[in-house]
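Welcome! Here is a short briefing to read alongside the structure. Take a look at it first, and then follow the topics below.

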Amino acid sequence: MSRLAKPSIAAAALCLIFPLVPVVPEFWVTLMNYIGLAALVAMGLVMLTGVGGMTSFGQAAFAGFAAYATAVLSTAYDVSPWINLLIGLALSGGVALAIGCITVRLSGHYLPLGTMAWGISFYYLFGNLQVLGAHDGITGIPPLTISGHALTQGRSYYYVIWGFVLAAVVLSENLLDSRVGRAIRALRAGSVAAEAHGVNTARTKLVVFVYAALLASLSGWLYAHLQRSVNPTAFGLHAGMEYLFMAVLGGAGNVLGAVLGAAITMILKDQLQNILPRLLGTQGNFEIVVFGLCLVALLQTTREGLWPFIARFGPARPDKVISPHAAALGARSMPEKGARLLQVRDVYKNFGGLIAVNNVSFDVRAGEVVGLIGPNGAGKSTTFNLVTGLATLSGGEVTWLGERIGGKSARQISRRGIARTFQHVKLIPDMTVLENVALGAHLRGRAGVLRGMLRLDRSEEARLLREAARQLERVGLGDHMHRPAGSLALGQLRIVEIARALCLDPVLLLLDEPAAGLRHLEKQFLSRLLCRLRDEGMAVLLVEHDMDFVMGLTDKLVVLDFGQIIATGTPDEVRSDPKVLEAYLGGVA
Ligand code: ADP
Ligand code: MG
């Protein structure tokens, strides 16, 4: 909020005085009203597309549901517009939930195509239902009233629209700056890392989808009572594309960018509609062509949109404050040292004709560092994926403290205290190191969407961030916590992933090539860290190619080659095993 305080106050002050100045022409007030309406829809798209990575062309349809709901209910049944707002939100939210359940699972190009499909469908539905006035729509919608005063003037309606816009900006910013917000921001980097840290990505996608639909329906409701009539044109695919254009133009990842994008688009559209027909000597929606060209140019040059340019002149985003007084998070009780934690039994995995893991069995005990070694392609990472639920078993069984976990989801497995890092680092580059790490503590917090939006999650959030900071100090990266993750070297990013995994309060830590890209001193530091973790009772399963690192650290080695175990034992036993020497160490030596 503090980052937004100054611009918000300035914007609010401008909003307050603007329509009171009598010399401001009615036209500008009207334009500002429509900018506010568009900004609400675009803001939802910023959350959905820019932050969450899900492109939607069909957002205008959600505005349509609320607009038609209030149009029908207030003209035919005399229901108060304010009650209609709640009904409209419930209706759009319900439809979004139903559509979202089907469409957010779609990946790649199928999601945008899906949104186009329902965008078109609803347009024709609105236009063909007689009860909705078919293509002529519904007229005679009453104005909004506030304590008996009818808001028939654009100048008074202005305050209602921009009041809602301001509220939406604050609530959206709050949401993004919360536990759920971190999960939303993590979606863009794919679901694997988030799921492995306990985030329900399908549910998180649905949350953003419904949130965006609710903002759109708020806009639709306001639109109906401003315009006092509705017809399908405003809610079709054409409108949906314009909203998407606004979100991308303004800065697809920033809430205030939506307001900027809406303002520029609406002003540009108005001017183009005047100028282009005069230039071309004929009438038509030529502005859409110009928008299309602008969009292509924008995506070629600045994918981040215009907001980052503007934000550069504003105050820098202050670093997150780590409260030293925030209570420590509750910790899991560690199993007794030597207790059998993980049992991998005859685990088998094939990708078509390729057998990646072939009847592999081994155990990991509490307080033990086990090394899983073998040449490239031996099946080490696949074994990790099978243990952590990121790949499904083709055969065999994985047991955790006596419970079968083979076939459970990554999320369910992470809850049991199994955390991991990835051979190919999976962090969100434009999020700070601290927040990337805090994602690891997702399961240790409880705050949901509403608490986040209303800032009722602050004490819990302080505890989560303190834990993230503590783990970063522990792995020796405390000095880098406020930097964007993308600015760190690859070796450091691997260590950031270890801090993130430690935030889960794990019993078993799986590290996939953690020392790759580290310098000698950094490796020594990491080695000491892992020894400390082991002494605290944690178990570590380690894939690593640096043999000095592995031999000095591990209690037991499992050697894989072509998916099969060729040797197990202490480092000394394995070192002298002829099969190992031939398949693996011989090559290295
Ligand atoms: P390692 O980590 O030991 O280098 P991997 O477990 O990554 O090896 O891979 C083992 C084998 O399985 C390799 O031949 C690899 O090409 C194959 N493999 C891994 N993942 C997949 C996948 N998702 N689809 C098809 N083949 C895969
Ligand atoms: Mg690997």
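A residue is called buried under 20% relative accessible area, exposed over 50%, and partly exposed in between (1.4 Å probe, protein chains only). By that rule Val23 is exposed, because its relative accessible area is 73%. This is a predicted model, in which local features need pLDDT of at least 70, side-chain atom pairs count only at pLDDT 80 or more, and totals for chains, interfaces and linings use all residues. Residues are numbered from 1 along each chain as its sequence is written, chains are lettered from A and ligands numbered from 1 in the order in which they are written, and side-chain values use heavy atoms, with hydrogens and water left out.

**Domains**
- The domain assignment, which is automatic or from a database, divides the protein chain into domain 1 (33-311), domain 2 (337-417 + 506-589) and domain 3 (433-504).
- Domain 2 and domain 3 are in contact (heavy atoms within 4.5 Å) through 19 residues of domain 2 and 12 residues of domain 3.
- Between the C-alpha centres of domain 2 and domain 3 the distance is 26 Å.

**A surface patch**
- Val23 sits in the loop between helix 1 (2-17) and helix 2 (26-51); helices (H or I, at least four residues) and strands (E, at least two) are DSSP runs, numbered from the N terminus.
- Together with Leu14, Leu16, Ile17 and Val21, Val23 makes up a nonpolar surface patch with about 500 Å² of accessible area.
- Such patches consist of residues with over 30% relative accessible area and no salt bridge, where like charges are joined within 9 Å and nonpolar side chains (Val, Leu, Ile, Met, Phe, Trp, Tyr) within 5 Å.
- The accessible areas come from the Shrake-Rupley method with a 1.4 Å probe, and for residues only the protein chains shown count as cover.

**The magnesium site**
- Ser381 (OG) and Gln423 (OE1) coordinate the magnesium ion (ligand 2) at 2.1 Å.
- Ser381 belongs to helix 14 (residues 380-387), while Gln423 is in the loop between strand 8 (418-420) and helix 16 (433-438), so that the pair links distant parts of the chain, 42 residues apart.
- Donors are N, O and S atoms within 2.8 Å of the metal (3.2 Å for Na, K and Ca), and since water is not among the atoms, sites may look incomplete.
- Ser381 is partly exposed at 23%, and Gln423 is partly exposed at 24%.

**Two buried residues**
- Thr383, also placed in helix 14, is buried, with a relative accessible area of 2%.
- Beyond residues up to four places away in sequence, Thr383 touches Val357, Phe362, Leu372 and Leu560.
- Gly305 lies in the loop between helix 12 (287-301) and helix 13 (307-311) and is buried at 2% relative accessibility.
- Gly305 and Gly257 are 48 residues apart in sequence, with 7.9 Å between their C-alpha atoms.

**Salt bridges**
- A salt bridge here is a side-chain nitrogen of Lys or Arg within 4 Å of a carboxyl oxygen of Asp or Glu, and the count comes to 24.
- Glu26 pairs with Arg155, with 3.3 Å between the closest N and O atoms; Glu26 is in helix 2 and Arg155 in helix 6 (residues 154-176), 129 residues apart.
- Asp363 and Arg345 meet in a salt bridge of 2.9 Å, N to O; Asp363 lies in strand 4 (residues 354-365) and Arg345 in strand 3 (residues 340-351), so the pair ties together parts 18 residues apart in sequence.
- Asp363 is buried at 12%, whereas Arg345 is partly exposed at 29%.
- Asp177, Lys320, Arg455, Asp457 and Arg458 are joined in a salt-bridge network.
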